[in-house]
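This report goes through one protein model, from its ligand site to its salt bridges and backbone geometry. The chain and its coordinates are shown first.

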Amino acid sequence: MTDTAGAGALPVEGVPAARVLDEIRALRAADRPTHGGRLFAYVYDPGVAGLDELAQAAHAESAHVNGLDPTAFPSLLAMENALVGAAARLLGGGPGTAAPDVVGSVTGGGTESLILAVKAARDARPDLAEPRIVVPVSGHAAFAKAAHYLRVALDPVPVDPVTLRPAVADVAAAIRPETVLVVASAPSYAHGVVDPVAEIAAVAAEAGVRCHVDACFGGWTLPWLRRLGAPVPPFDFAVPGVTSISVDLHKYAYALKGVSVLLHRDPGLRAPQFFAYADWPGYTMVNPVIASTRSGGPIAAAYATLRHLGEDGYLRLAARTRDAVAGLADAVRAVDGLRLMAEPESTVVCFTADDPGLDLFLLVDELTARGWHTQPQLAYAGLPASVHLTVTAAVAPRVAEFGPALADAAAAARSAGPVVLPPELLALAGSLTPEALTPDLIAGLAAGLRLGTGPAPDRMAAVNTLLQAAPVRLRERLLVEFVGLLQRPAW
Ligand SMILES: Cc1ncc(COP(=O)(O)O)c(C=O)c1O
């Protein structure tokens, strides 16, 4: 970005406020639409008039407050405790329940909650030199990140290609004397199916191991869907053996970004999550979560959102979302060659293509060209490539338009495809090792795929086809290199 006062974020002379805002708006014009019910990932939009304004005003009230010290800013502590209480109550904890002593912390997001769940489990077992965690492959990638950051070994458990859930016997068999945590998802992000939490928690408890339920995605919808009559299996603190649960308020609680809650069944389980340090000459430091300085903005915005919507608001939004999910699933069923990966049981619609003439990555591009933003998922471990739709309440008024758009996009993908990459490129992707990737090779690949220069291309089918042809470790390395090309300083 250039301007007459000097290029980049730090011009020689300051730029007037109105112009700065215009510049940001101009940049935002290239973004995917965050509102309007046509974006099926990244953004959770309830489509409630006035809610954005309320959340933004609440954010502004507390933006400068620092969560580093709860005694200096009791307002934040009060709002955090209220959010934790609300999440705990929704998830089967609190006075009069099977988990009366439940406690928790507000974190900056689902990944931070999961890293902290793993840290608490690891640090509760200082006797173990090589701690391990058991995670179904459908568990969120943040568990692998936690394992990597915390030097904990990851024991993945396969999922059944039909049910998309792990077999409880496989989970039990993966538990070893060094296992500190067993994970279940409610539901999994990729396919939206709920793991057999009660059975998994039971085998964990029998082995004396903690069990974390990752309800980051579904913790704020499953309880409402159950109240609306959906057959939601037990997944919360009502299940014996569940020791911690994460739920992201910045997902289906429709809060602004930057708020998740990590709950533990009792304070003893939470204690090893904290970090305190007094062995330096500065302020005495105690951090319940990873971040030290934390803006109060997201916490205040989440508090305002929950209080404004209330239980009846969330029930109404869940009902609209449920109906939208049913309508979108019907739209998928109506297109020849497409198949639902699973019957929707939460707020995800995920489908694959049974017909090799219908290239899913092209379909995603065709949908994008028609203003519908879906998320492609690569084939993995016997599971086919798929398209993921995170469905929010704002989608409801759009459902009738989606069916024709999907049919039209599928017809276009069928007549254009499938994507054919040069055979030598495919052979290279299939045989290269990450170590053999040279800067020249990466630059050549990126140029061939039109990556790394300017905004991402509108059409990603070739990139996805190449990534899919690569073994997992090479996929990871290519992603790192491609994003590294994007993250370059603007002078
Ligand atoms: C089930 C689940 N767990 C964890 C996360 C990670 O959350 P975040 O992106 O807020 O770090 C997600 C995000 O989609 C998720 O769906």
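## Basis of the description

Helices (H or I, at least four residues) and strands (E, at least two) are DSSP runs, numbered from the N terminus. The model is a predicted one, in which local features need pLDDT of at least 70 and side-chain atom pairs count only at pLDDT 80 or more, whereas totals for chains, interfaces and linings use all residues. Residues are numbered from 1 along each chain as its sequence is written, and side-chain values use heavy atoms, with hydrogens and water left out.

## The ligand site

With a residue taken as near a molecule or strand if one of its heavy atoms lies within 4 Å of it, the residues around the ligand are G109, G110, T111, L114, H140, Y189, D214, C216, F217, D248, H250 and K251. This shell divides into four nonpolar, five polar and three charged residues, where Ala, Val, Leu, Ile, Met, Phe, Trp, Tyr, Cys and Pro count as nonpolar, Asp, Glu, Lys and Arg as charged, and the others, Gly among them, as polar. Helix α4, which spans residues 110-123, gives the most to the shell, with three residues.

Polar contacts are pairs of N or O atoms within 3.5 Å; within protein, one atom must be able to donate a hydrogen and the other to accept it, and residues adjacent in sequence count only if both atoms are side-chain atoms. A nitrogen atom of the ligand is 2.7 Å from an N or O atom in the side chain of D214, while an oxygen atom of the ligand is 3.4 Å from an N or O atom in the side chain of D248. In K251, a polar side-chain atom lies 2.9 Å from an oxygen atom of the ligand. The ligand taken alone exposes 390 Å², and the protein buries 83% of that; accessible areas come from the Shrake-Rupley method with a 1.4 Å probe, and for residues only the protein chains shown count as cover.

## Salt bridges

A salt bridge is a side-chain nitrogen of Lys or Arg within 4 Å of a carboxyl oxygen of Asp or Glu, and a search of the whole structure finds 26 of them. One of these pairs E345 with R165, the closest N and O atoms being 3.2 Å apart. Because E345 lies in the loop between β10 (338-340) and β11 (348-353) and R165 in the loop between β3 (153-157) and α6 (168-174), the pair ties together parts that are 180 residues apart in sequence. On the scale used here, buried means under 20% relative accessible area, exposed over 50%, and partly exposed in between (1.4 Å probe, protein chains only); E345 is partly exposed at 29%, and R165 is partly exposed at 23%.

R473 forms a salt bridge with E476, with the closest N and O atoms 2.8 Å apart. These two residues, R473 and E476, are three residues apart in helix α16 (residues 472-486) and are therefore separated by about one helical turn. R473 is exposed, with a relative accessible area of 53%, whereas E476 is partly exposed at 37%. Elsewhere, salt bridges that share partners join E366, R370, D408 and R459 into one network.

## A surface patch and a buried threonine

F275, Y277, W280 and Y283 form a nonpolar patch on the surface, with about 430 Å² of accessible area together. Such patches are made of residues with over 30% relative accessible area and no salt bridge, with like charges joined within 9 Å and nonpolar side chains (Val, Leu, Ile, Met, Phe, Trp, Tyr) within 5 Å. Y283 is found in the loop between β8 (275-277) and β9 (285-287) and is partly exposed, at 46% relative accessibility.

T392, in the loop between β13 (386-390) and α12 (399-416), is buried, with a relative accessible area of 2%. Its side chain reaches the backbone oxygen of D45 at 3.2 Å.

## Backbone geometry

The peptide bond from A186 to P187 is cis, with omega near -10°, and P187 is placed in the loop between β4 (179-185) and α7 (197-206). The bond from G417 to P418 is also cis, with omega near -5°; P418 is in the loop between α12 and α13 (423-431).

Y42, although not a glycine, has a positive phi of about 75°; it lies in the loop between α1 (17-28) and α2 (51-62) and is exposed, with a relative accessible area of 57%. For R151, likewise a residue other than glycine, phi is positive and near 55°. R151 is in the loop between α5 (142-150) and β3 and is exposed at 76%.
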